[in-house]
Amino acid sequence: MSDPSPAGSASTLASGEGAVEQPPAIELHDVVKRYRGGVLALDHLDLVIAKQEFVAISGPSGCGKSTLLHLIAALDAPTSGTVLVNGHDLAKMHDLSYFRRREVGLVFQLHDLLPRISVLANVEIVMYGTHRSSRGRHQRANELLEEVDLGGRGSRLPTQLSGGERQRVAIARALANEPGILLADEPTGNLDAESARRIMELFGRVRNDGVTVVMVTHDEALAAMADRTDRIEVGRIVSSTRNR
Ligand SMILES: Nc1ncnc2c1ncn2[C@@H]1O[C@H](COP(=O)(O)OP(=O)(O)OP(=O)(O)O)[C@@H](O)[C@H]1O
Ligand SMILES: [Mg+2]
């Protein structure tokens, strides 16, 4: 078993005088998550992910992968332990709704598009209340749909798309507000091998643009396309493999 937190605790962006110590994008320390009813989903889990790292999380069904993403996205709180994002303890953060809307982009395991509005509107809607004008929102939504190979499908309803296409809309939507962290739960689950590979390449480009990407997948070959693969078993990280 290798070190589960190879990224260390901080990285230095510039060298020499005036160097800026950057906290990791994501840190979990001794995190326990016990659901009501007694299920222990995370069992004293430690995890460090550096800024701009692309990490795949793998592991068997029920081992705690989705729970982990939900805690990082502040959709749920740990029973004990700490979750820090960009050095900030989520338990002490005042405006969690801003954090959820703007700082993390989340692609859920069961995609949750609004069924009665178009695909384009599903992407535009998360940009309401931001600095973007109506035209700016429209333009960005179209660009993102192009990016996930859905250019020309914007006017359809989600029910008129395949499962894999809907998953790609969910990815476009998660990227709309330029989050610093993208969390994706089995984003390639419904995709054929070629489409899944394209999504991995997209995530690689997103990472190159400065975003930290954490992706859950059962697919070992896809996991190997990330910078690092961490494996969870029954609520703990059991191995961490650097792929590049
Ligand atoms: N809201 C909940 N209430 C009670 N138990 C839950 C809840 N959500 C998840 N669990 C349990 O916690 C454990 C971890 O669930 P989690 O959804 O994190 O697994 P997972 O690794 O994402 O699995 P999969 O690969 O099937 O999506 C499981 O035993 C699950 O049954
Ligand atoms: Mg899951």
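A: Let's start with some terms: helices (H or I, at least four residues) and strands (E, at least two) are DSSP runs, numbered from the N terminus. A helix's expected span is 1.5 Å times one less than its number of residues. This is a predicted model, where local features need pLDDT of at least 70, side-chain atom pairs count only at pLDDT 80 or more, and totals for chains, interfaces and linings use all residues. Residues are numbered from 1 along each chain as its sequence is written, while chains are lettered from A and ligands numbered from 1 in the order in which they are written.

Now zoom in on helix 4, which runs over residues 134–147. Its 14 residues reach 20 Å from the first C-alpha to the last, close to the 20 Å expected at 1.5 Å a residue.

Which residues of helix 4 are buried? They're Arg137, Arg140, Ala141, Leu144 and Leu145 (buried means 20 or more other C-beta atoms within 10 Å of a residue's own, with C-beta atoms placed from the backbone). In general, an α-helix has 3.6 residues a turn, so residues three or four places apart point the same way.

And what's on that side? The buried residues of helix 4 pack against helix 3 (119–124) and helix 5 (163–175). Helix 4 is followed by aspartate 149, which has a positive phi, near 65°.

Stepping back, the chain has 7 helices and 12 strands, and 41% of its 244 residues count as buried.

Technical notes: A residue is buried if 20 or more other C-beta atoms lie within 10 Å of its own, exposed if 12 or fewer, and partly exposed in between; C-beta atoms are placed from the backbone. Two residues are in contact if their C-beta atoms, placed from the backbone, lie within 7 Å.
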